[in-house]
Amino acid sequence: MKNFLVKTIANAGALAAAVWLLDKITLTGDSTGKEIGTLLLVALIFGVVNFLVKPVVKLLSLPLLILTLGLFTLVVNALMLLLTSWLADQLDLSFHVEGFWTAVLGGLIVSVVSWALNVILPDGD
């Protein structure tokens, strides 16, 4: 349970960094508390998408991953971020990613920041 909580906080921090750095990734709310709550819910959605959908997409795109020496992972990450944005919209959460190239850059930012936060934060063994 502690590991799940740490990963969710790391995802929330990574998504917050992407929102802060990119104008076309937006998170709106009436107050700071509501924005933090929305960010945590979006981080949960992002974690579920990465847990359930990403392995299937990576398996199906394995030839492209091999052909591009792994660079196609950027496209997979962008698609996961766009799917998270779509699901957040369906759940009436105020998180939106505008456009594919913004999602590619946002996916790169989320990956790097999430990796750094997972290194820093303790894991719950």
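Where does L69 lie? Keep that in mind as you look through these close-ups of a predicted model.

**View 1. L69 lies in the loop between α4 (62-67) and α5.** Start with the backbone here: the phi of L69 is near 55 degrees, a positive value in a residue other than glycine. Most residues other than glycine have a negative phi. L69 is also exposed, because its relative accessible area is 78%, and the cut-off for exposed is over 50%.

**View 2. D92 sits in the loop between α5 and β2.** This residue also has a positive phi, near 60 degrees, and again the residue is not glycine. Is D92 buried or exposed? With 72% relative accessibility, D92 counts as exposed.

**View 3. Helix α2 covers residues 32-52.** From its first C-alpha to its last, this helix of 21 residues reaches 30 Å, close to the 30 Å expected at 1.5 Å a residue. Which residues of α2 are buried? They are T38, L39, V42, A43, I45, F46 and V49. Take a moment to find their packing partners: the buried residues of α2 pack against the helices α1 (2-21), α3 (54-60), α5 (72-90) and α6 (100-120), and against the strands β1 (25-27) and β2 (95-97).

**View 4. T84 belongs to helix α5.** T84 counts as buried because its relative accessibility is 0%, and buried means under 20%. Leaving out residues up to four places away in sequence, T84 touches V42, I45, F46 and V49. You can look for these four names among the buried residues of α2, which include V42, I45, F46 and V49.

**View 5. The largest nonpolar core has 26 residues.** Which of them touch the most other members? The answer is L15, I25, V42, L81, F95, V97 and V110. The elements that give two or more residues to this core are the helices α1, α2, α5 and α6, together with the strands β1 and β2.

**View 6. L82 is found in helix α5.** L82 is partly exposed, because its relative accessible area is 25%. Which residues does L82 contact, leaving aside its neighbours within four places in sequence? They are V97, G99, F100 and A103. The C-alpha atoms of L82 and T102 are separated by 9.5 Å, with the two residues 20 residues apart along the chain.

**View 7. Helix α6 has 21 residues.** At 1.5 Å a residue, α6 should span 30 Å, and its end C-alpha atoms are 30 Å apart, so the two values agree. The buried residues of α6 are T102, A103, V104, G106, G107, I109, V110 and S114. These buried residues pack against α1, β1, α2, α5 and β2.

**View 8. A nonpolar patch on the surface is formed by L71, L74, L105, L108 and V112.** Together these residues have about 420 Å² of accessible area. Which element gives the largest share of the nonpolar patch? Helix α6 does, with three residues. Look for L105, which lies in α6. L105 counts as partly exposed because its relative accessibility is 41%.

Note on methods: Residues numbered from 1 in each chain as written. Predicted model: local features only at pLDDT ≥ 70, side-chain atom pairs only at ≥ 80, totals over all residues. Heavy atoms only, no water. Expected span 1.5 Å × (residues − 1). Buried < 20%, exposed > 50% of the residue type's maximum accessible area, 1.4 Å probe, protein only. Contact = heavy atoms within 4.5 Å. Patch = residues over 30% accessible without salt bridge, like charges linked within 9 Å, V, L, I, M, F, W, Y side chains within 5 Å. Areas by Shrake-Rupley, 256 points an atom, 1.4 Å probe, with all protein chains shown as cover. Salt bridge = Lys/Arg side-chain N within 4 Å of Asp/Glu carboxyl O. Core = buried A, V, L, I, M, F, W, Y, C linked by side-chain atoms within 4.5 Å.
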